Amino acid sequence: MLRQRELEMNEKEGIMQVWACGGGVQSTAIAVLICQGKLPTPDFAWIVDVGYEKSKTFDYVKSTIIPRLSEIGVRLKIIRTIDYFDNSLFDATNNVRLPLYEKGNDGIVRKYKTHCSGTWKQRVAHHWLREQGVKRCDTWIGISVDEMRRIKISSVKWNQNKYPLVDLGIRREDCIDLIARAGWPKPEHTSCYLCPNQPDFQWQDLKENYREDWERAVGFDEYIRSINPNLFLHTSCKPLKDKAFDTKYTNKFFVGKECFGDCESIVEEGGGSNL
Ligand code: SF4
C-alpha cells in the first residue's frame, strides 16, 4: 500500500506517482480503487495504444475507465506508439519484434523473444513521462498477487516500479469481485489482436465475435510469411485461417495477463526455447 508517510516523503523528494493502465482486469481494479479513494490520485495516468489492440479493449477504456476517472478529476491519457516509434512487426533490418513461432527444419518449434512490448509500450511511456517534465517517479503497475513472478525492477534509474495490488494482497479473482461490487462492467481480456501469446480460446473469441480484428490478424499472419515462410502467429505453426482452435487447452500463465511493456518476462511454460 502506498502509505501516507511514504507519499509525503516522495512528494518532498519530487518523486511523482504515475500509473501505467493496461485496460484489463487488474488495471480496472486500480481505477476502481482510485475512484474509491483507496489509492491516491496519481500525478499522471496513461495507456499506450500500440496500434494493434483488440477493439474491445479501447471500447472498454473509453466507455468505462476514462469517464469514471474523469468524474474525480483524473485524466487517463491515451499515448499512441506511432507518435514516438515505428510500430512495424519487423525492424529496419527485418528482425522480428513479436514473440512469433518458427518451425525449424528439425521440426522443433521455437519462439522469438518479445521486443514489441518494451519498444512499443515501455519506451514510449518513458518518452512521454519525460516530456511531461517527470524527473523521478514511481510507476504503478496492475499485477496481482497471483502474477508476482512478473514483478521486476525498472529498466531506468529515474523510475521505480510499484505494485499496489500486490501490496494490498489482491488476487485476480478479488479484482473481478471489486469491479463487480463497484457496479462497473466486466473488463475484457486485453492484448493485441495479433499477439502470439494468446491462448486458443482468445483466438476463437476473436474469430467468432470480433471479425474485423480477426481479419486483420489473419492478414498479418499471411504477411509475416511473405518475409519468412517459417514464421507463424500461432504456436502450432499453422496458418491462422486454417487453424481449428482447441479451446479446452489453456496455458494458464497467459490468461488474463495485461501487457504493460514487460512481456519479455512472460515466457511460455513448456514452450519452445527463445531464439
Ligand atoms: S500484447 Fe503481445 S503483441 Fe502486443 S505488445 Fe504485448 S506482447 Fe507484443
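Helices here are DSSP runs of H or I with at least four residues, strands are DSSP runs of E with at least two, and both are numbered from the N terminus.

Two remarks on conventions are in order. The model is predicted, so local features need pLDDT of at least 70 and side-chain atom pairs count only at pLDDT 80 or more, while totals for chains, interfaces and linings use all residues. Residues are numbered from 1 along each chain as its sequence is written.

I begin with the chain as a whole. A residue is called buried if 20 or more other C-beta atoms lie within 10 Å of its own, exposed if 12 or fewer do, and partly exposed in between, with C-beta atoms placed from the backbone. By this criterion, 40% of the 275 residues are buried. Two residues are in contact if their C-beta atoms, placed from the backbone, lie within 7 Å. Among contacts between residues at least 6 apart in sequence, 73% join residues at least 24 apart.

I turn now to helix 2. How many of its eleven residues are buried? The number is nine, and helix 2 is thus mostly covered. Among them are Val 25, Ala 29 and Ile 34. The buried residues of helix 2 pack against strand 1 (15-20), helix 3 (55-71), strand 6 (136-141), helix 5 (164-167) and helix 6. Just after helix 2, Gly 37 adopts a positive phi of about 75 degrees.

Two packed helices are described by the angle between their axes and the distance between the axes. Axes are lines fitted to C-alpha atoms, for helices over the stretch in contact, and angles run from 0 to 180 degrees between N-to-C directions. Angles under 35 degrees count as roughly parallel, over 145 as roughly antiparallel, 65 to 115 as roughly perpendicular, and the rest as oblique.

Helix 2 (residues 25-35) packs with helix 6 (residues 172-181) at about 50 degrees, their axes 9 Å apart. Helix 2 is therefore oblique to helix 6. On the helix 2 side, the residues that meet helix 6 include Ala 29 and Val 32; on the other, they include Cys 175 and Ile 179. By class, this contact has seven nonpolar residues, two polar and one charged; Ala, Val, Leu, Ile, Met, Phe, Trp, Tyr, Cys and Pro count as nonpolar, Asp, Glu, Lys and Arg as charged, and the others, Gly among them, as polar.

With helix 3, the axes of helix 2 come within 10 Å and cross at roughly 20 degrees. Helix 2 is therefore roughly parallel to helix 3. Thr 28, Ala 31, Ile 34 and Cys 35 of helix 2 make this contact with Ile 65, Arg 68 and Leu 69 of helix 3.

Next, the interior. A nonpolar core is a set of buried Ala, Val, Leu, Ile, Met, Phe, Trp, Tyr and Cys residues joined through C-beta atoms within 7 Å. Which residues touch the most other members of the largest core? They are Ala 29 and Trp 46, out of 60 residues. Helix 2 supplies the largest share of this core, six residues. Beyond its neighbours within four places in sequence, Trp 46 contacts residues including Ala 20, Leu 76 and Trp 128.

Finally, Trp 214 lies in helix 8 (residues 211-227). Trp 214 is buried because 20 other C-beta atoms lie within 10 Å. Its C-alpha atom is separated by 9.2 Å from that of Lys 54, 160 residues apart along the chain.
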